[in-house]
Structures are given as structure tokens and as C-alpha cells.
Amino acid sequence: METLVYKRPESLLKDGHFTFCPGCGHGVVLRMIAELIDEFNIQKDTIAISSVGCSIFLEKFFNLDVAGASHGRSPCVATGVKRCKPDKFVFTYQGDGDAATIGFNETIHTASRGEHITTIMINNTNFGMTGGQASATTLVGQVTTTTPMGRKPELTGYPLHAAEIVSKCDGTAYCARVAITTPAQIRKAKAALKKAFEVQLNGLGYGFVEVLAACPTNWHMTPVDSLNHIENVIEKVHPLGVFKDITGEQ
Amino acid sequence: MDMSVIVAGFGGQGALLAGIILCHAAVIEGKKTTWIPSYGAEMRGGAVNCAVNISDDEIGSPVIDKADFVIAMNDVSQIKFEDKVKNGGCMIINSSLSNIKPNRKDINYIEIPLNELAHKLTQPAFVNVIALGAFIEKTKVLKMESVISAMTEMAKTLSEKKRKLLPNNIESLKFGASFIKNPLPVS
Amino acid sequence: MAKVLVKGNEAIAQAAINAGCQCYFGYPITPQSEIGEYMGAHLPKMGRVFVTAESELASINMVIGAGTTGAKAMTSSSSCGIALMQESISAMCCAEVPGVIVSVMRGGPGLGNIAPAQADYFQALKGGGNGDYKTLVLSPSTVQEAIDLTYRAFYLALKYRNPVMLLADGILGQMMEPAEFGEYPYEDPDVSTWALDGANNREPRNIVSLHMPEGAMEERTNRLFEKYQAMQENETTYEDFMLKDAKLVITAFGTVGRVAKTAIKKAREAGMKVGLFRPITLFPFPDKALHDVAENADLILDLELNKGQMLLDVRSAVFGACPVEFYGRTAGGLLTPDSIYEKICELYKKIDNKIEAGVN
């Protein structure tokens with residue numbers, strides 16, 4: 001007989017409560033990160049780098065040391081931390097407005113330098129915190145507060161495919177895009193995150209995981225419709241998959 | 001004692017290095033000294049120069065407005081810096097690379113065929129160091145031994161290949177000085 | 001230790017190494033590229049960190065990352081490159097991240113040119129970054145002072161957990177003169193009480209610049225300003241050159257100060273009572289000392305390689321104690337000992353005439 005016991009990860013603060021909107025993907029991913037830090041038993045050796053957006057308040061949730069970065073620069077802050085403390089586990093937690101838009105130059109240079117850090121990029125195809133404006137990853141036709149008629153390529157170009165581009169950088173050791181729409185997908189997502197942790201812990205290079213996540217508030221959808229939207233629409237544009245894995249395991 | 005000198009030429013003639021040697025020699029004699037080069041994009045066009053001050057007192061401006069002495073190792077430098085020489089100052093002209101007649105009556109000119117002189121010496125010989133030898137002999141601002149010591153010290157930090165050229169440098173320096181004492185007819 | 005002939009930029013780099021700089025992050029720009037080149041040649045061999053960043057935005061944020069671990073970190077740049085760093089310098093002040101920024105000024109505005117200038121006084125002192133904050137700014141006028149102030153910059157950065165800027169210009173960066181590398185003279189404060197190294201048997205720490213709860217940001221800013229007040233009381237330095245009986249006082253910072261000295265000596269030989277007040281810390285600005293000097297002077301002449309930037313701080317410090325005149329050139333135009341001397345003669349006549357006419 002199996003006994004399943006819910007246990008709050010040690011790496012989450014005891015009195016920290018997620019303050020995200022109903023149906024938002026951030027909470028699921030943050031919990032998975034905390035679980036993995038517990039599983040690898042690296043809580044005492046982890047420094048988390050927050051970014052700007054809904055991803056910012058890491059110190060409110062994590063029982064971890066946290067350094068803050070300004071818009072798009074968390075891979076640089078992470079580089080500075082990791083180079084000074086090479087024995088620490090260092091990860092950045094960013095959104096698409098941060099990692100793929102204002103900070104994409106930093107993202108691809110950090111990948112190209114092969115920094116031994118891990119980036120988790122939540123892609124909800126808009127600027128969540130500032131009220132749902134279009135980001136680099138916004139789909140063609142997507143209605144946002146800055147593309148009220150839908151994103152028109154002739155005006156604002158095409159969606160940027162972050163994971164695919166990061167996978168082309170020589171210093172990238174592991175790169176995947178995952179979703180968290182179903183329990184099965186969540187398990188796959190956690191396996192990908194684990195891999196992105198491992199490539200850092202084993203000194204192999206840069207780990208990058210892009211997580212497609214729902215933003216029901218700014219998408220003006222129910223949480224359930226949001227998950228369906230990811231599966232039926234967003235995954236067609238930003239397909240799931242492992243784009244690079246130098247360990248050769250799948 | 002105050003001496004301000006500008007060394008100028010095209011890239012590869014060693015204008016900057018000649019200035020640095022002078023500075024090192026000044027340090028050896030315990031004098032105050034500054035060196036400042038033309039830098040950045042200015043260098044890419046091929047014309048380089050540096051300004052050297054040597055003094056017993058603290059030096060205010062490293063940049064030279066009007067120089068006591070200008071060593072112009074090509075015609076472009078001669079044109080550019082002729083007006084920078086102080087009234088009563090002196091300018092070395094490289095007659096090997098310049099046919100331009102001196103313009104000013106209020107300064108002294110020393111015409112030296114630097115490149116022809118270099119050909120008379122053990123190869124490779126160095127026009128910048130020949131000019132430096134002439135400058136030291138003419139001004140006596142520093143002792144010749146100090147300049148040789150400076151070059152010897154600087155050579156220690158160089159690769160073996162370059163270090164081997166120290167005797168050639170010393171020969172060039174002395175030859176420049178001897179030209180001032182006894183100008184040779186150059187065929 | 002004997003004096004060695006050393007270029008300003010390389011002197012700063014070597015002094016940083018002597019000061020225990022563990023990491024350098026930078027992006028090349030004239031006229032300070034030798035700093036990065038020197039660091040690139042030396043730090044890796046010593047097992048320390050050197051990274052050529054993708055931009056100045058990146059390099060200052062790498063400094064932040066290193067700074068949060070308590071490491072001594074440095075970047076260097078010039079004018080437009082320093083402009084890109086402003087957001088993060090503000091963030092460093094807010095989050096209390098130590099770090100050393102070397103700014104070797106060139107001509108501006110815009111890409112300007114690569115000639116020496118001092119037109120980034122406002123940039124260094126009056127922000128460009130957002131919010132109420134102060135960067136410690138040190139201004140060397142000789143290669144020797146560049147070495148000494150680089151040491152001091154690393155010490156002050158850790159002491160106050162604040163960014164410290166060494167503000168030099170293209171002349172100082174590019175020139176060589178004899179200087180001495182003494183040993184790093186400071187005892188560094190303990191960083192273990194705040195640095196990030198993993199929450200091992202202690203509460204987790206955070207070093208961030210966003211403080212949203214009501215009142216939190218004002219409270220933090222007030223605390224930061226108490227720190228700036230302490231800097232003002234403890235760290236203000238300036239050079240007094242022949243000020244004792246000076247009727248005409250020249251104010252100048254950086255290399256202009258040394259150029260002015262030549263003119264002042266000449267003026268003294270001609271019987272004019274002229275002196276130099278040279279702020280070494282630009283923030284904290286030596287305003288009390290300058291005010292005292294102004295009370296005993298007939299005229300202040302502010303000299304700068306810009307259109308009048310420190311002038312505002314000079315006027316504010318003098319606060320009407322005596323008239324303030326300005327003479328400056330910019331974007332590669334230089335003040336020479338002769339041109340300063342002429343200006344001194346012109347203004348000194350005015351002072352003499354006043355005294356003769358019984359005005360004063």
C-alpha cells in the first residue's frame with residue numbers, strides 16, 4: 001500500500017504564500033523548483049536571482065538567498081554570483097518579457113559563454129505584471145493591451161522562439177520547452193527542470209527551460225480555457241520539446 | 001630645468017616608444033616626467049605622436065601646448081607640428097622623408113636624413129632611436145648613459161627575439177648623437 | 001618601493017589587483033580599454049575572474065552579482081558606456097551592493113569624441129539613474145593619486161556597501177608618469193553578516209532593490225541618507241594648494257587641478273595671491289571647507305573641461321560668500337597653464353581695482 005503525504009518543500013518559506021492570480025502558472029513552477037532543490041539537498045548552497053515582472057518576489061516565497069536584478073539582467077547578476085561562488089547552485093527565474101524581450105541579448109550571451117547557471121523562463125506570451133502588453137513571444141493575432149486588434153506581423157513582427165535560439169548557442173548544455181497543462185505534462189516539466197539543474201551541478205554548461213504557462217487574467221479566459229489555449233494554440237507556435245541535451249539522455 | 005618635446009611620425013616608426021624611452025631615462029635620473037600619446041581612432045590613420053615633459057619640478061599639464069622641441073620623423077608630422085614649436089625652440093626634420101622647406105625664422109631646424117643614416121648601421125637599425133640620440137646630444141637634457149640604461153631596463157621585459165636587438169638600439173642612439181657632433185655627408 | 005613609469009589606465013588596473021579585486025567585468029571603449037586589456041592579461045593567471053561582457057548593461061550587473069556575494073568587483077568604461085550603467089548604479093545604491101566603477105571621461109554629448117573631457121560630472125554626481133541616491137565619487141589628478149584612490153574606492157565600497165566611482169578623464173587614463181604602488185593600506189570590513197552564500201544554518205537573505213510595502217521605500221531611503229550623511233562627515237577630502245592667503249581661489253577637479261597649479265605658481269611669482277581648492281571626493285563634496293575658504297577670498301574661479309558642471313556645487317558651497325567666475329573648455333578643448341594664467345591676470349586686475357577703490 002502506498003501512502004502519499006503532502007509535504008511543503010523546505011525550500012519554500014513556511015509563512016510564504018503565493019500571491020499570483022487564480023490559474024497562473026508561476027506557483028506550480030516555483031513549487032517544482034523548491035522540490036528539486038530539496039531533492040538535490042542544495043538549499044544551503046543555492047542563490048536565486050529574481051527578475052522583473054510577476055517573477056520578481058522570490059524572497060517572499062523561497063527559503064533561499066535571493067539577489068535581485070533589474071529588467072532583463074538576471075543572467076548577468078547570476079554570472080557575477082556564479083563566477084565568485086562556483087560551488088553554489090545559481091538559477092535565474094524570469095518571464096518572457098524579461099528573458100526573451102528586454103534581456104534576450106543577455107540570455108543568448110550567457111548561453112554562449114556557457115555559464116554554469118540555470119534559467120527558468122516562464123512564457124505566458126505577454127507582460128503579466130504591467131497589465132498584459134505584447135512581448136516578443138506574443139502570438140500573431142494575439143490580442144493584448146498594446147495589440148488590441150491582434151498582433152500584426154507587418155507592424156510588430158513575429159513571435160520570438162527563445163528555446164530554439166538558446167539551443168543553438170554552443171555553451172548551452174540543456175534546453176527544453178515544457179508545459180504544465182496536465183499532471184503528465186507537469187511531471188515532464190519537472191524532469192526537464194531536473195536536467196537543467198543537473199547540467200549545472202555537473203559543470204556541463206548552461207541549462208534553459210522555457211515553461212509555457214497560463215495568464216488567465218490578461219488573456220481574459222478562465223483557468224481551464226487558458227490551459228486548453230496553451231495546448232491548442234500556443235503549443236502550435238511554441239512547440240514543446242527538448243532542443244538540446246549534451247548528456248545524450250532523453 | 002623644463003623640457004617639453006613632441007615626437008611624431010607615422011605608425012611603425014616608433015614615435016611613442018622613443019617618448020617612453022625618454023621618460024624612463026628621466027625616471028632613472030630622478031626627474032619628474034610625463035608622457036601622453038595621441039590615442040584611439042587618431043592612431044588608425046597612421047600619424048602618431050606623443051608629448052613628453054621632463055622637469056625638476058612637479059609637472060602640471062602633460063599635454064603640450066607649445067613645445068621646446070619637436071622630432072618630426074616624416075613630412076606629415078613636420079607640417080602638423082611646425083607651429084607647435086615655441087619661439088626659439090627647435091625641430092628635427094627627417095630629410096629622408098620630407099622635401100618640405102622650413103617655414104619659420106624664429107626656431108632652429110636640424111635636418112637629419114634618418115632613414116639614410118639607418119641604412120649605414122647594423123640591421124635592423126631604428127630611426128626613432130637615431131633621432132633620440134640626436135635630441136639628447138643637442139639638448140643634453142639627460143645623460144646618454146641614462147638613456148642606455150633605460151633601453152637596457154626596458155629590454156629585460158621584452159621577448160628574447162626583441163631583447164637581442166638592444167645592441168642595435170644602442171648603436172642607433174650613439175650614431176644619432178655623433179651626427180650632431182659631426183654631420184656626415186650622405187650620398 | 002621604487003617609482004615606476006606607468007600609464008594611468010594600467011595603474012588603476014594594477015592598483016585594483018593589489019586591492020584584492022577578485023573580478024573584472026567590462027566592455028571595451030576608448031579611452032579606457034587598457035584597463036580591460038590589463039585585467040584580461042593578469043586576472044585569469046591569478047585564478048581571478050575576467051569576463052568581457054556583451055555590453056555595459058551586462059558588465060555592471062555582473063558587478064552586482066559579484067557584489068552580492070561580498071566579492072570585490074570592478075568595471076570600467078567611458079561616458080556613453082557609463083550612461084548605460086545608470087539604472088543599475090541606482091539599483092546598487094538602493095540594494096546596498098558594493099562595487100567599483102571606473103569612468104574615464106571622453107568628449108560628449110552623444111558618441112562625442114574620444115578626446116579628454118570632464119563633462120560627465122553631472123552623470124557621476126547627479127544621477128542619470130532614478131531616485132534619491134548618492135554614488136561616492138573620487139577624482140584623481142595624477143597617476144599616483146589614481147592608484148591611491150583606487151585602493152580607497154575598494155575600501156569605501158565595502159565599508160558603506162555602496163557603489164564607488166573613480167572619475168578620471170582621457171588625459172589621466174592615457175598618460176604615463178612615475179608612481180609608486182604601496183601596499184593596499186586598508187583593513188576591509190567583514191562581509192559575512194550580509195553577503196549571499198546560501199542560507200546555511202541561518203535565515204535566508206535577500207539583496208534586492210524593489211521594496212513595495214507601504215512606507216518601506218521611504219524608510220529605506222531615509223536610512224540610506226543617514227549613510228550618505230556619515231560619508232559626508234567621515235570621507236570628505238580635498239587638496240589645499242597655497243590657499244592660506246589666497247585672494248583669488250581656483251576650484252578645479254581631476255587633471256585640471258594639476259594644470260592650474262603651474263599657472264598658480266607663475267602667478268605667485270608675479271606677486272598675485274592665488275591658490276587652488278581641489279575637491280578629491282566629489283561626493284561627498286567638501287562644501288563646508290570651500291565655504292570657509294570663500295569667506296576669506298575675493299573671488300573664486302572655477303575651471304573645468306566642460307561648460308560648467310561642478311560650478312553648481314561650487315556656487316552652492318560658496319553661497320554668496322564671494323563672487324564665482326567660470327572658465328572652461330569642452331569636448332577635447334584643453335585648459336593650458338598659459339590660458340589659465342591669462343585668465344588669472346584678467347580677474348586679478350578686477351580684484352586689485354576693487355581694493356584700490358575701497359570696495360570689498
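Trainee: Why is N123(A) called buried?

Mentor: Good place to start, and remember that this is a predicted model. N123(A) has a relative accessibility of 1%. Buried means under 20%, so N123(A) counts as buried.

Trainee: Where does N123(A) lie, and what does its side chain reach?

Mentor: N123(A) lies in strand β4 of chain A, residues 118–123. Its side chain reaches the backbone nitrogen of T125(A) at 2.9 Å, and the cut-off for a polar contact is 3.5 Å. Leaving aside neighbours within four places in sequence, N123(A) also touches several residues, including D96(A), T137(A) and H238(A).

Trainee: Now the rings! How many aromatic pairs are there over all chains?

Mentor: The count comes to 17. One of them joins F20(A) and F61(A).

Trainee: What makes the pair of F20(A) and F61(A) tilted?

Mentor: Their centres are 5.4 Å apart, with 50 degrees between the planes. Stacked needs under 30 degrees and edge-to-face over 60, so 50 degrees makes this pair tilted.

Trainee: And how do you know whether F61(A) is buried or exposed?

Mentor: Its relative accessible area is 1%; that is under the 20% limit, so F61(A) is buried.

Trainee: Why is the pair of F40(A) and F197(A) called stacked?

Mentor: The ring centres are 6.1 Å apart, and the planes meet at 25 degrees. F40(A) is in helix α1 and F197(A) in helix α8, so the pair ties together parts 157 residues apart in sequence.

Definitions and conventions: Residues are numbered from 1 along each chain as its sequence is written. Chains are lettered from A and ligands numbered from 1 in the order in which they are written. This is a predicted model: local features need pLDDT of at least 70, side-chain atom pairs count only at pLDDT 80 or more; totals for chains, interfaces and linings use all residues. Side-chain values use heavy atoms; hydrogens and water are left out. Helices (H or I, at least four residues) and strands (E, at least two) are DSSP runs, numbered from the N terminus. Buried means under 20% relative accessible area, exposed over 50%, partly exposed in between (1.4 Å probe, protein chains only). A polar contact is a pair of N or O atoms within 3.5 Å; within protein, one must be able to donate a hydrogen and the other to accept it, and residues adjacent in sequence count only if both atoms are side-chain atoms. Contact means heavy atoms within 4.5 Å. Rings of Phe, Tyr and Trp (its six-membered ring) pair if their centres lie within 6.5 Å; planes under 30 degrees apart count as stacked, over 60 as edge-to-face and the rest as tilted.
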